[in-house]
Amino acid sequence: MSLLKVTDLHVTYRTAEGEVPAVRGVDLSVAPGEVLGVAGESGCGKSTLSHAVLRLLPRAARVDGEVLLDGEDVFGMSFGRLRAVRWAEASIVFQGALHSLNAVRSIGWQIAEPILLHEPSVTRREADRRVGELLEQVGLPARRASAYPHQLSGGQRQRVMIALALACRPRLIIADEPTTALDVMVQAQVLQLLTGLVRDLGLALVLISHDLSVLGSVCDRVAVMYAGRLAETGPARKVFDDAGHPYSAALAGAFPRIGDPRFRFAPRGLPGDPPFPGETGEGCAFRPRCAVALPACATTDVRLAETSQGRMSACLRAGEAGLDLRGDR
Ligand SMILES: Nc1ncnc2c1ncn2[C@@H]1O[C@H](COP(=O)(O)OP(=O)(O)OP(=O)(O)O)[C@@H](O)[C@H]1O
């Protein structure tokens with residue numbers, strides 16, 4: 001059974017310039033103990049999707065569709081229930097969270113705060129004990145609780161963010177680009193730690209990143225997003241190694257990895273930019289940047305469909321024998 005189930009989610013921002021359809025019909029599910037990656041370039045709607053799941057969007061956002069958290073309808077919850085659910089059942093690590101720790105409070109104080117707020121029966125002493133345990137779980141000595149954020153390295157602060165996300169023992173964690181500010185080695189360590197904890201504790205994790213190679217190595221499944229829709233979903237490693245959509249193929253080739261024979265010469269990069277929401281036009285939104293587009297792609301609105309067991313793609317050419325979806329760019 002899914003812990004998180006998103007069905008036909010649409011999010012449109014109302015702005016002075018008009019409507020911005022940021023998410024256009026997304027279906028996702030995540031099971032306990034599973035790590036789902038959501039990949040895509042900036043502006044594809046990843047953050048909007050993750051904020052919609054916990055109803056954290058601004059008032060100007062119109063939301064349609066259904067989000068079930070452990071079977072409970074998130075959009076139908078009272079505000080009281082919603083407050084109880086955030087942190088305690090689902091927590092989110094925001095993009096740029098590394099800089100959002102309070103500079104004048106010890107990290108122990110900051111981790112204890114949500115515990116004391118959400119669990120009124122917990123005493124200060126019990127909260128401090130849990131803070132120590134949480135720090136050790138993320139590989140920091142319990143005595144570091146008295147440290148201030150400036151006394152920690154970027155990687156250590158990121159571990160604190162993970163301890164914070166785990167503080168109220170949620171069943172779902174959403175992490176939006178949690179390690180982008182870190183160097184590659186520390187990034188890998190922190191993601192291994194986060195995904196390891198999630199699997200050991202039987203939680204569900206939605207990990208958002210523009211870097212498909214990172215997701216390919218730490219996630220169970222990935223969903224690749226383009227222009228507010230899913231372009232492809234499938235087992236993470238398979239999508240990275242053998243993409244079933246030209247956009248995933250381009251993303252997989254866009255980030256060099258040492259030792260990977262695909263990058264013997266140079267990463268291929270991806271020319272152009274994603275379309276502005278609302279300016280996707282007719283046909284496939286990726287078509288103007290696609291190296292293998294056919295004339296039919298200009299008029300056919302291809303929806304996500306199964307291409308093989310456990311894999312789905314929204315490309316007319318998916319599954320065509322012998323075709324390299326990266327094309328001859
Ligand atoms: N509050 C808002 N009002 C209007 N448009 C918005 C708002 N927030 C986001 N958008 C637009 O919605 C689209 C999707 O943005 P979103 O932040 O969800 O994408 P993203 O893939 O997470 O990118 P990034 O990694 O840069 O955050 C973008 O075109 C963005 O400009």
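Which residue stands opposite glutamate 232 in S12? That spot is taken by serine 313. Before going further, keep in mind that this is a predicted model. Here's a quick tour, starting with the ligand and the helix beside it, then moving through the sheet, the hairpin, the core and a few loop residues.

**Around the ligand**

- The ligand has 14 residues around it, and the ones that come nearest are Tyr13, Ala22, Ser42, Ser47 and Thr48.
- Strand S1 (4-15), strand S2 (18-30) and helix H1 (46-53) are the elements that each give two or more residues to this shell.
- H1 is the top contributor here, giving three residues to the shell.
- Serine 42, one of the residues that come nearest to the ligand, sits in the loop between strand S3 (35-39) and H1.
- Serine 42 counts as exposed, because it has 10 C-beta neighbours inside 10 Å and the cut-off for exposed is 12 or fewer.
- For a sense of distance, the C-alpha atoms of serine 42 and valine 160 are separated by 26 Å, with the two residues 118 apart along the chain.

**Helix H1**

- H1 is mostly covered, with eight of its eight residues buried.
- Those buried residues are Lys46, Ser47, Thr48, Leu49, Ser50, His51, Ala52 and Val53.
- Two of the names on that list, Ser47 and Thr48, also turn up among the residues that come nearest to the ligand.
- H1 lies across S1, S2 and S4, and it runs at about 115 degrees to S1.
- Just after H1 comes arginine 55, with a positive phi of about 50 degrees.
- That's worth a second look, since most residues other than glycine have a negative phi.
- Arginine 55 belongs to the loop between H1 and S4.
- Arginine 55 has 16 other C-beta atoms within 10 Å, so it is partly exposed.

**The four-stranded sheet**

- Four strands make an open sheet in the order S2-S1-S4-S5, with antiparallel pairing.
- S2 and strand S5 (72-73) are at the edges with a single partner strand each, so one side of each has no neighbour in the sheet.
- Further in, S1 and strand S4 (residues 61-69) run antiparallel and are joined by eight bridges.
- To find your way along the strands, look for valine 11, which stands opposite valine 63 in S4.
- As a reminder, strands of a sheet pair through backbone hydrogen bonds.

- S9 and S10 pair in the antiparallel sense over six bridges.
- Here alanine 223 stands opposite threonine 233 in S10.
- The hairpin of S9 and S10 has two residues between the strands, and alanine 227 takes a positive phi near 50 degrees in it.
- Put another way, alanine 227 is in the loop between strand S9 (221-226) and strand S10 (229-235).
- Alanine 227 is buried, because 25 other C-beta atoms lie within 10 Å.
- S10 is mostly covered too, with six of its seven residues buried.
- S10 is also joined to strand S12 (residues 311-313) by two bridges, and these strands run antiparallel.

**The nonpolar core**

- The largest nonpolar core has 92 residues.
- Within this core, Ala163, Leu205 and Val224 have the most contacts.
- Helix H5 (residues 154-166) supplies the largest share of the core, seven residues.
- Leaving aside residues up to four places away in sequence, alanine 163 touches Ile111, Leu134, Leu135, Gln137 and Val138.

**One more loop residue**

- Glutamate 119 is in the loop between helix H3 (107-118) and helix H4 (124-137).
- With 16 C-beta neighbours inside 10 Å, glutamate 119 is classed as partly exposed.
- From glutamate 119 to glycine 155 is 36 residues in sequence and 29 Å in space, C-alpha to C-alpha.

Methods. Residues numbered from 1 in each chain as written. Predicted model: local features only at pLDDT ≥ 70, side-chain atom pairs only at ≥ 80, totals over all residues. Core = buried A, V, L, I, M, F, W, Y, C linked by C-beta atoms within 7 Å. Buried ≥ 20, exposed ≤ 12 C-beta atoms within 10 Å, placed from the backbone. Contact = placed C-beta atoms within 7 Å. Near = placed C-beta within 6 Å. Pairing = 2+ DSSP bridges. Axes fitted to C-alpha atoms, helices over the stretch in contact; angles between N-to-C directions.
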